[in-house]
Amino acid sequence: MGFLFALFINSIFIFIQSYSCDAKDLKACKFDAIYQLGDSISDTGNSIVEMPQLYHARFPYGQTIHKATGRSSDGYLIIDYIAQSAGLPLLEPYENPNSTFSHGVDFAVAGATASSIKTIINWHIPLPYTNSSLYVQNKWLKKHLSAICNDKKECKRKLKHALYMIGTIGCNDYIIAFQYGKSIEEVKVMVPRVIQSIKTAIRKVIDYGAYRVVVPGAFQLGCAPSFLTVFSSNKSSYDSHGCLKDYNDFFMYHNNHLQVALQKIRKKNPHIHIIYGDLYGALEWILDNFSNLGFKSLRKGCCGIGGRFNYNPSIKKMCGAHGVPICSNPKEYVFWDGSHFTHQANKYMSKWLIKDILPQLHCNI
């Protein structure tokens, strides 16, 4: 019995180590630039240029890296670890006038939707707090590329060794609808239009000259402190991790539609590497192995106050508001605030994601 237990523990250690080691990273792809479009999961500072009063413009956001940069975390984001894995500097935000864009650009904006403002209005739901939708970000990308390329041919040559990240994006479209009181079945009606916006963005970057495109899907927001606090009374069942199963099933519904759309684009562009970024799978791995990874809290926010999950939807009681407490060790938490990951969780998710996408990038490893 003791031998079998030791063998079991050793197997777990080897499994975790295989995702934690840096033996294989994105340097094999020799990327010279990364272009990121998306929302708060990958925003390195655009939103705080638009709205300097946002809480993530100051401590405790960024406390683990000793600098508040506008990232919605106590430290780095997944895109930061991807850039490091590729041997590139961290991406600078497009809207910061001091950015140099030496190795790519981050166009992502916290709160951004995949759908245009016109589409949001047609759905009769509240507008997001930023107008910088995926459509707007793509216009920024086009403007940026026109400044570094004389024509499409030159752009295709220059961008051959760049990595494009489109997402996460689309979750805010759904979150706004859920917060407005729409049911899961009602929000499902929005999915085809959201996916269409993402497909349009992918086609545009391919037209610009993108050769390798990663499109991350949604993660299990039904595990986030904000969802668990606000929507737990909506007669949703719970999964084995104590997350809201019906909402997680919805985000998988989005992911399934996204993967079907990516397959269709691949068939029309067989020479382009278009990869699905499985954030759902990355977080599932953390949830399944959380204690072995050093986590002690799966669903509570490190920074927050109120109820079982350290979250209160009041603007005066959210992470960053005066008097809102912070946990003593963010490394032990998966979620930093109501819906964003800690530095440590982002680190593990990025390593899982890189291991998953690397073979699909076909970088002649």
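Trainee: Is Cys171 buried or exposed, and how is such a label read?

Mentor: The label rests on relative accessible area: buried means under 20%, exposed over 50%, and partly exposed in between, with a 1.4 Å probe and protein chains only. Cys171 has 6% relative accessibility, so this residue counts as buried. The model is predicted, so local features need pLDDT of at least 70 and side-chain atom pairs count only at pLDDT 80 or more, while totals for chains, interfaces and linings use all residues. Residues are numbered from 1 along each chain as its sequence is written, and side-chain values use heavy atoms, with hydrogens and water left out.

Trainee: How many disulfides does the structure hold, and how are the bonded cysteines paired?

Mentor: A disulfide is a covalent bond between the sulfur atoms of two cysteines. Here the criterion is a pair of cysteine sulfur atoms within 2.5 Å, and the structure holds 5 disulfides. With the bonded cysteines numbered in sequence order, the pairing reads 1-10, 2-3, 4-5, 6-9, 7-8. Cys171 takes part in no disulfide; the nearest cysteine sulfur belongs to Cys223 and lies 13 Å away.

Trainee: Which parts of the chain does the disulfide of Cys29 and Cys363 link?

Mentor: Cys29 and Cys363 have their sulfur atoms 1.9 Å apart. This pair links distant parts of the chain, 334 residues apart: Cys29 lies in the loop between helix H1 (2–20) and strand E1 (33–37), and Cys363 in the segment after helix H13 (343–361). Helices (H or I, at least four residues) and strands (E, at least two) are DSSP runs numbered from the N terminus. The link of Cys29 and Cys363 has 85° about the S-S bond and is right-handed. Cys29, at 7% relative accessibility, counts as buried, as does Cys363 at 8%.

Trainee: What is the handedness of the disulfide of Cys149 and Cys155?

Mentor: It follows from the torsion about the S-S bond, which is about 90° for Cys149 and Cys155, so this disulfide is right-handed. The S to S distance of this pair is 2.2 Å. Cys149 is buried at 6% relative accessibility, and Cys155 is buried with a relative accessible area of 7%.

Trainee: Why is the disulfide of Cys302 and Cys327 left-handed?

Mentor: Because the torsion about the S-S bond of Cys302 and Cys327 is about -90°. Their sulfur atoms are 2.0 Å apart. Both residues sit in the loop between strand E6 (297–301) and strand E7 (333–335), and the pair, 25 residues apart, links distant parts of the chain. Cys302 counts as buried at 2% relative accessibility, and Cys327 counts as buried at 13%.
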